[in-house]
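Dear colleague,

I am handing over the structure below, and I would be grateful if you could look through it alongside these notes.

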Amino acid sequence: MYPKTPVMTAWPIFGAAMVAYTLFAGNVVAKEVTVAYQVNAKGLDLRQPAGAQRYYGRLKKAAWIVCTHGNRVDLQPSPDRDGCYEKALGDAVRSAKVSLLTQVYLETHTLREAAAHGIDVPVQVAAK
C-alpha cells in the first residue's frame with residue numbers, strides 16, 4: 001500500500017550523494033512524495049581506503065533512513081525494507097564510479113549482487 005521506488009545517486013566529484021525515494025504518505029489519502037537525503041563527502045579523500053570506508057558508511061546510513069522513516073513521521077516504511085536498502089546502496093555505489101568504494105561494497109556483497117546493480121567491478125578486484 002505504501003510502495004517506494006528508490007533512486008540513489010552518488011557524486012563524489014561534487015562531494016555529495018543524493019538519496020531519493022518516491023513513496024506514499026498519509027493514511028487517509030495516499031499521495032506521492034519524494035524523500036531526498038544528501039550525503040556529503042566533504043573532508044574525505046575517496047582515493048584513500050579510509051575515506052572510501054567512511055563515505056560508504058554515510059551512504060549506508062542514508063539508504064537506511066530513506067527506506068525506513070525518511071526523517072518524517074507521516075511516511076510508512078517500505079514493505080521490503082531490506083530490498084529497498086540494498087537497491088539504494090548498490091545504486092549509489094554504481095553511480096559513484098569510485099573503485100575503492102566498489103571494493104568496500106564487495107567486502108560485504110558478492111560479484112553477482114554488484115552485477116545486479118550494474119556496478120562495474122575492476123578486473124583486479126574481481127580476480128581476488
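A residue is called buried under 20% relative accessible area, exposed over 50% and partly exposed in between, with a 1.4 Å probe and protein chains only. This is a predicted model, in which local features need pLDDT of at least 70 and side-chain atom pairs count only at pLDDT 80 or more, while totals for chains, interfaces and linings use all residues. Residues are numbered from 1 along each chain as its sequence is written, and side-chain values use heavy atoms, with hydrogens and water left out.

At 38% relative accessibility, W64 counts as partly exposed, whereas Y85, at 14%, counts as buried. Searching the whole structure gives two aromatic pairs, where rings of Phe, Tyr and Trp (its six-membered ring) pair if their centres lie within 6.5 Å, and planes under 30 degrees apart count as stacked, over 60 as edge-to-face and the rest as tilted. Y56 and Y105 form an edge-to-face pair, 6.5 Å centre to centre with 80° between the planes. Y56 lies in helix α1 (residues 49–67) and Y105 in helix α3 (residues 99–106), so this pair ties together parts that are 49 residues apart in sequence; helices (H or I, at least four residues) are DSSP runs, numbered from the N terminus. Both Y56 and Y105 are buried. W64 and Y85 also form an edge-to-face pair, 6.0 Å centre to centre and with 75° between the planes. Since W64 lies in helix α1 and Y85 in helix α2 (residues 81–96), that pair ties together parts 21 residues apart in sequence.

With kind regards

How values were computed
Helix = DSSP H or I, 4+ residues; strand = E, 2+ residues; numbered from the N terminus.
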